[in-house]
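Subject: Structure handover and notes

Hi,

Here is the structure I promised to pass on to you. Please have it open in your viewer while you read the rest of this message.

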Amino acid sequence: MKTTPIPTPYYEYNLGVLRSTLEAMLSAIPDPRYRVHYAIKANNNRKILNEIVGTGKIGADCVSGGEVEAAINAGFNPADIMLAGVGKTDREIQLALNAGIGCLNVESLEELEIIHQLATSMGVKAPIALRINPNIDAHTHKYITTGTAENKFGIPLATLDRAIEKALEWADGIELLGLHFHIGSQLLDMQPYVALCHTINEIQHHLDSLGVRLSMIDVGGGLGIDYIHPHENPIPDFGAYFSVFQKHLQLRPHQTLHFELGRSLVAQCGSLITQVTYVKQGLHRKFIIVDSGMTDLIRPALYGAHHHIDNISANEESIREKYDVVGPICESSDTFARDITLPLTHRGDLLAIRSAGAYGEVMASHYNCRQLPQSYFID
Ligand code: LLP
């Protein structure tokens, strides 16, 4: 068996890749009014958060009270923290208001009313943005498409006027900052973002006519990464992404534009390192059975997601075989890859499942009484 610095399976994070990605993103920002918030849901590993906080230029985007606490503990400035989520509990709203976070993204009229009640009873004004469903299909996986008209997320465009009316009527406890949108995740085609810009422009024209003045627009996250060629494309094209907004969004001079990037910042710096327990000859297929499973990385099982896999200990590069790479969990969906070509693989070899820095470690579970994977950092 090959030896590893810590027991497999574990997440290996390459801090060099993370830092280069953060630098590339920050240097691609074309306008001082653009503000990036890291979507903590992608990875809340404390060392990753420390690196992001360390840039001094990135805020946090949270979806639960626990994430707000994690962001504050990691040192994010509360004023640069946003809280979204369709089901914020009273406790989470109070926690956010007490912490003085920058903005609560409100996803329904029902929630707006509760935030108003809680804020007035605490004697504070809740800074909010209304999350609007722009009715744009992001053409990504159905589980991560979130901007279509009828959706559990956000307020339908048709209800926008009423929501604004209410927010203004409840000005004793609500400070309406702006509008929030998020159309989906893992977007590689920029066209849905162009469509989003056009919709926001139309909304802004409409609001101008009503005399409503907004200080911020938040366009959510979703920039995708190259899961197929992670070695060739370790850093997403942040320049192309930001320029869509620069070109198509008519931001008012006094407005700030907020982005909630998760995957694009952290996915490529992480790999799941796993050891081969058996290479099993089936009737027609060869199965590589590894010691990690869907409990460590659920994306292939849940979304049919592709992750590139390398055998990092093979020494017979010239002989290549086709394999299915599967985990040990008692579910047929516990499969990392089918029919992939790898160097001749043996029991004890180490495989690296790439692009696992986002929605990997954070989505791990104890199913089958398994231990959570640990993490290991290389520079
Ligand atoms: N903002 C909001 C309101 C979101 O719902 C999300 C992600 C983000 C920002 C960050 O999106 P990103 O830049 O990471 O695409 N577990 C799935 C992804 C779920 C995304 C949920 N929302 C996966 O593994 O693909």
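Below are my notes, starting with the ligand and moving on to the core and some single residues.

First, some housekeeping. This is a predicted model, in which local features need pLDDT of at least 70 and side-chain atom pairs count only at pLDDT 80 or more, while totals for chains, interfaces and linings use all residues. Residues are numbered from 1 along each chain as its sequence is written, and side-chain values use heavy atoms, with hydrogens and water left out.

**The ligand**

There are 18 residues around the ligand, and S185, E260, R299, Y303 and Y359 come nearest (a residue is near if one of its heavy atoms lies within 4 Å of the molecule). By class, this shell holds 6 nonpolar, 6 polar and 6 charged residues. For the classes, Ala, Val, Leu, Ile, Met, Phe, Trp, Tyr, Cys and Pro are nonpolar, Asp, Glu, Lys and Arg are charged, and the others, Gly among them, are polar.

Domain 1 (15–266) and domain 2 (268–378) each give the shell at least three residues; the domain bounds come from an automatic or database domain assignment. Strand β10 (256–261) and helix α10 (299–303) each supply at least two shell residues. Helices (H or I, at least four residues) and strands (E, at least two) are DSSP runs, numbered from the N terminus.

- The side chain of S185 places an N or O atom 2.3 Å from an oxygen atom of the ligand.
- A polar side-chain atom of R299 is 2.6 Å from a ligand oxygen atom.
- For R263, a backbone N or O atom lies 2.8 Å from an oxygen atom of the ligand.

Taken alone, the ligand exposes 580 Å², and the protein buries 92% of that (areas are from the Shrake-Rupley method with a 1.4 Å probe; for residues, only the protein chains shown count as cover).

**The core**

The largest nonpolar core has 102 residues, and those with the most contacts inside it are Y38, I128, L130, L179, F245, F259 and V325. Such a core is a set of buried Ala, Val, Leu, Ile, Met, Phe, Trp, Tyr and Cys residues joined through side-chain atoms within 4.5 Å. Buried means under 20% relative accessible area, exposed over 50%, and partly exposed in between (1.4 Å probe, protein chains only). Helix α7 (residues 191–210) gives this core its largest share, 7 residues. Domain 1 and domain 2 each contribute at least three residues to this core.

**Single residues**

K88 sits in the loop between β4 (81–83) and α4 (90–99) and is buried, at 10% relative accessible area. What does the side chain of K88 meet at 2.5 Å? The side chain of E111, in a polar contact (a pair of N or O atoms within 3.5 Å; within protein, one must be able to donate a hydrogen and the other to accept it, and residues adjacent in sequence count only if both atoms are side-chain atoms). A polar atom of the K88 side chain is also 2.6 Å from the backbone oxygen of N105.

The loop between β16 (350–353) and β17 (374–378) holds S355, and Y359 is in the loop between β16 and β17 too. S355 is not a glycine, yet has a positive phi near 55°; Y359, also not a glycine, has a positive phi of about 55°. Both are buried: S355 at 1% and Y359 at 16% relative accessibility.

Lastly, the peptide bond from T8 to P9 is cis, with omega near -5°, and P9 lies in the segment before β1 (10–14).

Best wishes
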